[in-house]
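Welcome! Here is a short tour for anyone opening this structure for the first time. Please have a look at the sequence and the 3D view before reading on.

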Amino acid sequence: MIVMLYLAAVVVAGVFSALTGDVGVAWAVAVGSPWYGVPQGWAEGGFVLIALALVCPLRAWMLWQVLRGPVVRVRRPPPARGVAAVRLVLYLGVAVTLIPWGFIGGPYEDVPSMVVRVALVVLLTLILTGTPPGFRAAALALALGLVGVAGAALTTVLFPIVLSAGGEDAVSLWWMFAVPAVAYAAWQAMMLRGQRGDGPWSAATVRCGVLDLVAFLALLAVNGVTWHVRDTAFAFTALGWVLAALNVFGPVWWARTAHELADGRRPRVVPGRSRVLGGVVAVVLLAGLLGGEEGPRLPYQPPYDAGCPAWTKLSRGFGETRVEHRERAFLCLVRDAGGPMFPADRSDRALLASGRKLCAQPRWKRGDTWLRSDDRTINMRGLDDALVFLCPDAVLPSDEQVVKEDAAYVAASNAACRDPWPRVRARRQGTASYFTPEGGGYSLADDADPDNKDGVGRDYDGLLTAEETGVGVGTIRQMNICVTVKAFDRAPPLRLRGWQEVAEVGVTSRSGRLTLPTMRPGGQEGAGRALPNLAIKGPGHYRVRVHARADEKAVTMLPAEWHLIVVYPGRSKKEVVHRSRD
């Protein structure tokens, strides 16, 4: 029943992937792990789907072999305690293998795998009775000695040394992890030789173990090539993931071994003293394995990509990178920077999803997301340098796209601005986002007066700078702001609550206009929408009262400073500071 459900789910996922071109769905359902490859287009995606069509029947066969249980033809007495322990460890090994660790992440995969594997190495070696004791001792020393001690020493000592030297010695990194892997393969070969000469196990079980060993060595060889050779073909890279998906014969070998131990096939268990000694050795070497647990794991997903320096150090560009390696380039650039926006422990699949989410946003919103993350290890230019490998059209937009995104940014900035004094209606009023020049500040002036053709000067020491026919206004944060303007027939009540700075001064309008400039198409300074003329009595004298406050901790591209400008008729030229931050 479970096998049928698995096959049905694979068919549905395969149809979905064929229609959408996203092979990750079919891969996740069929193999039980995320797809870390980089298929681009129908041809390469079809390659993966065809490979899955070959892998899935094997995985269904694996499930059937594992779940069918032992075939006990005659009633037998309960197995000896040592045999029961071996069967338990074998079944635990199968369970650990079938858990979809790729979707869980963290150390949860390593610890149970190491515990089960070390126990399996010890117990399975000790129950072989058809081989000389010296053969068993050699197998145990080979596996636990090299896999445990050498593996822990290499990952805890040599790996930091290689990384501190620049992390580019791919040969050292490869052999650092290949030696323990080859040692484990040698142990497995010795176990298969021992099983072949031992009575309890069938030829079919031994063949499954041989196939598992062949697939493991093939995967080790393919990963060795992709580790050393830069810009390997997509088909060759995908072959490594297909071979990893063929991890079906190992669980079957373990399961059949456990089944046949319960099928009346009773090997002589090694005396208790040897089991105790083996257990002590296992615990000691398990500690060594766990000591190196923080290091990279091979051969399935090495965290260090020997090709990364091509992008992180040699600055290989988008045009120089093959299509199938662009996701790889993005991951290299992002992981080289690290930072809160992209946590170091996030999986490749999650990083690619985050990158594509940023790609779907306009440039200004990507910048806002970056600012809100409070990440300074990836500057905005560096982020674009990485994203260009995922979405070149979004990072290098056309002129039409730039105009469209600029308009969207202006609209979003205007929408973020609200009237800070909504209960009081004025004769004329309006609210908009104001895009300030470098250094901040803006001016309210008679734009029809020839004396203001060069603008109104500003004194950066205070909020207001009075001119005859205009007033210069400083900003607190030197960033884009929200401005609300209100024109009254007479002086409104003084409003200080909630404002950091409040000041007023007198100006003269000779033409009957007092306005804030509107940003022109393609411009970078001015109000995001047209604001009304505040000289409601025509030519004459007016008082201009400006209120200002800012959220000085906010980090965003949208306005985080608010100004309220109140204008009313008045002849006084006196400057009055009602509230100052000083």
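## A threonine in a loop

Thr 515 sits in the loop that lies between β6 (501-509) and β7 (526-527). Keep in mind as you explore that this is a predicted model. Is Thr 515 buried or exposed? Its relative accessibility is 7%, and because buried means under 20%, Thr 515 counts as buried.

Next, let us turn to the strands. Seven of them form an open sheet with mixed pairing, in the order β7-β1-β5-β9-β8-β6-β10. The edge strands are β7 and β10 (576-579), each of which pairs on one side only.

Strands β6 and β10 run antiparallel and are joined by three bridges. Here you can find Ala 503 standing opposite Val 577 in β10.

## Helix α18

Now for a helix. Helix α18 covers residues 399-415, and its 17 residues should span 24 Å at 1.5 Å a residue; the end C-alpha atoms are 24 Å apart, so the model agrees with that expectation.

Which residues of α18 are buried? They are Glu 405, Tyr 409, Val 410, Ser 413 and Asn 414. Among the elements that cover these buried residues are α15 (363-372) and β1 (428-435).

Technical notes
Residues are numbered from 1 along each chain as its sequence is written. This is a predicted model: local features need pLDDT of at least 70, side-chain atom pairs count only at pLDDT 80 or more; totals for chains, interfaces and linings use all residues. Side-chain values use heavy atoms; hydrogens and water are left out. Helices (H or I, at least four residues) and strands (E, at least two) are DSSP runs, numbered from the N terminus. Buried means under 20% relative accessible area, exposed over 50%, partly exposed in between (1.4 Å probe, protein chains only). The expected span of a helix is 1.5 Å times one less than its number of residues. Contact means heavy atoms within 4.5 Å. Two strands pair if DSSP finds at least two bridges between them.
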